[in-house]
Number of protein chains: 2
Amino acid sequence: MEFRQIRYFMEVATREHVTEAAHSLHVAQSSVSRQIVNLENELEVDLFIREGRRVHLTPIGKIFFERMKHAMNVIDDARREVKEYLDPEKGTIRITFPISLAAYTLPTVIYAFRLRYPEAKFQLKQALYQELIEGVIKGDFNLGLIGPLPLKEKKLQQKVLFTENIVALLPIHHRLAKESSVKLQELVDEPFVLLPEGFVFRDIVVNACQNLGFIPNVAFEGDDIDALKGLVSAGLGVTLMPEVTLVDSLPRSTVKIPLVEPSVTRTVGVITPKERALLPTEKLFYDFLQEFFTRLDDFKS
Amino acid sequence: MEFRQIRYFMEVATREHVTEAAHSLHVAQSSVSRQIVNLENELEVDLFIREGRRVHLTPIGKIFFERMKHAMNVIDDARREVKEYLDPEKGTIRITFPISLAAYTLPTVIYAFRLRYPEAKFQLKQALYQELIEGVIKGDFNLGLIGPLPLKEKKLQQKVLFTENIVALLPIHHRLAKESSVKLQELVDEPFVLLPEGFVFRDIVVNACQNLGFIPNVAFEGDDIDALKGLVSAGLGVTLMPEVTLVDSLPRSTVKIPLVEPSVTRTVGVITPKERALLPTEKLFYDFLQEFFTRLDDFKS
DNA sequence: AATATCAATGCGTTTTATGCATTAACTAAT
DNA sequence: ATTAGTTAATGCATAAAACGCATTGATATT
């Protein structure tokens, strides 16, 4: 069994397509095909079902795939750890985060981090709430920004970074646009624009409404925060969003208004696996995160 | 980076000797030497310090070694899992255990297990208490028999199998040899023969004595249970041991006498890692263990 | 000082992986 | 139904890599 075989195997397994896998691996199709056969012969098991020209994993192939993914994560981490050992400041931070932090919070932190460590590299992966948690537990990532923290996950180390206010974003000609604050209750009959099902931030909004006894009327859905801004901008509805995502510039023809009674907030934190240690550069970033937001808090108060 | 390099690397790292490693790997010394250099070039790091003709790991080499040990454990398990998938009854059980279970308990269970699954294979590793726990946590083993259970270890799944009596073993001409029971207190001034420091079973005895306010006078130490039996047999002292280790035959010129006030017992159980699933054959054995000792208990009562 | 042992390296040989061309099986479109 | 286009597997020649042997230079051992 050789490393190369595992690489080929995993590529074929994920793509379910030998030719594509070969192309992505920069080798001939025949090489991939042959190595897969070699691997199967050595393991004395069929890893793939060949149905006509389709290729997909057998049940045991799936198990093997999962195990190899784990092993490869360990090995990749080890390689990075070795590389970063001598020079952590030039290493790579792999981090996963929800869409709601993509626009403002994360870029801001990364910008500040790179002022101090200009050679640090980042690999970023936007993910849905549950995916994100799984990714950190399974070893695809060692760092995840998330809000709110999934407190019941026992395999994760969790650290609160900050609590942010959620404000209402209204079209500029909206009847409430001139108010200095709005109550969520006042939006009962408004059309909402929200992220699609599956995004936590949608759930935060829906839950806040449900606590007041109504279910928001979702008129439009948008795939990212900017899409929501556009929809509000076009006067198609109202939405709630974290204040930070509006800090740079308010979308054209909109106003943001603080929410009161109740104020809606969410807590944002960072999760890391309890089982694995952070790689050197990631440790730098982790410590930086805490320092950064602690200082922000000091500044506010 | 290829598996072959990792295998060579690990062999050299453990032996700190290229020629020996090469021999054990059944390849020429030059091959090993060259692969190590290749690996180091690819990682851009020295893994070994060459001092004259000595070879030993650099600090980062040690880290890399630990990571690779982990990865290789995952990979080896995966291979076994695949092999055992189709036919668990022919697979291998890797298990670690303390010396006190080596003589009677473990052989008995294995014998019974093999009556049902004659093709199952075993890899056995006797270990000291702490080593054993580490071995299961780190992934060198997925099963460990142990007594008492290390309840504070949160990474381990723990299951009690049975509780056993501990009895006194005396030379046949000992003044107490005719009694039907002895109190531990009566052995205050006796010379004890015990296992050396580091064995839990020694600690169990010493603690029992300390609870009665005395420290046993250790006259001789023996490396294994049979050595202790021999020492008692020769009249050099008394000892305590689990009753099961005497069940087959009493050593020549000795008598076993139940302990009362207090009776001394120890709980024996099995530990498995919470983080990893048991391999198919190991799962068979794990289930068998519980069934086996449950039935024993039923039988006793 | 002489000898033996060790890790590294140059070099020819063997093994292994690769790419190309082909085949056989399949899919989709006419 | 026929045809053209894909696809995965395989035979074969080529290229790459790992290997063993022999040697070197350094270091223990006596």
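Start with the interface: 23 residues of chain B are in contact with 23 residues of chain A. Two residues are in contact if their C-beta atoms, placed from the backbone, lie within 7 Å. On chain B, the elements giving two or more residues to this side are α1 (3-15) and α4 (59-86), and α4(B) gives the most, with 15 residues. Helices are DSSP runs of H or I with at least four residues, strands are runs of E with at least two, and both are numbered from the N terminus. By class, this side of chain B has 14 nonpolar, one polar and eight charged residues. Here Ala, Val, Leu, Ile, Met, Phe, Trp, Tyr, Cys and Pro count as nonpolar, Asp, Glu, Lys and Arg as charged, and the others, Gly among them, as polar.

A word on what you are viewing: this is a predicted model, in which local features need pLDDT of at least 70 and side-chain atom pairs count only at pLDDT 80 or more, while totals for chains, interfaces and linings use all residues. Residues are numbered from 1 along each chain as its sequence is written, and chains are lettered from A and ligands numbered from 1 in the order in which they are written.

How are the two chains related? The same surface serves both copies, as 100% of the contact residues of chain B recur in chain A.

Now look inside. The largest nonpolar core has 38 residues, of which A:V12, A:A71, B:V12 and B:A71 touch the most other members. Such a core is a set of buried Ala, Val, Leu, Ile, Met, Phe, Trp, Tyr and Cys residues joined through C-beta atoms within 7 Å, and buried means that 20 or more other C-beta atoms lie within 10 Å of a residue's own, all placed from the backbone. Leaving aside neighbours within four places in sequence, B:A71 is in contact with A:A71, A:V74, A:I75 and A:A78.

Technical notes. Buried ≥ 20, exposed ≤ 12 C-beta atoms within 10 Å, placed from the backbone.
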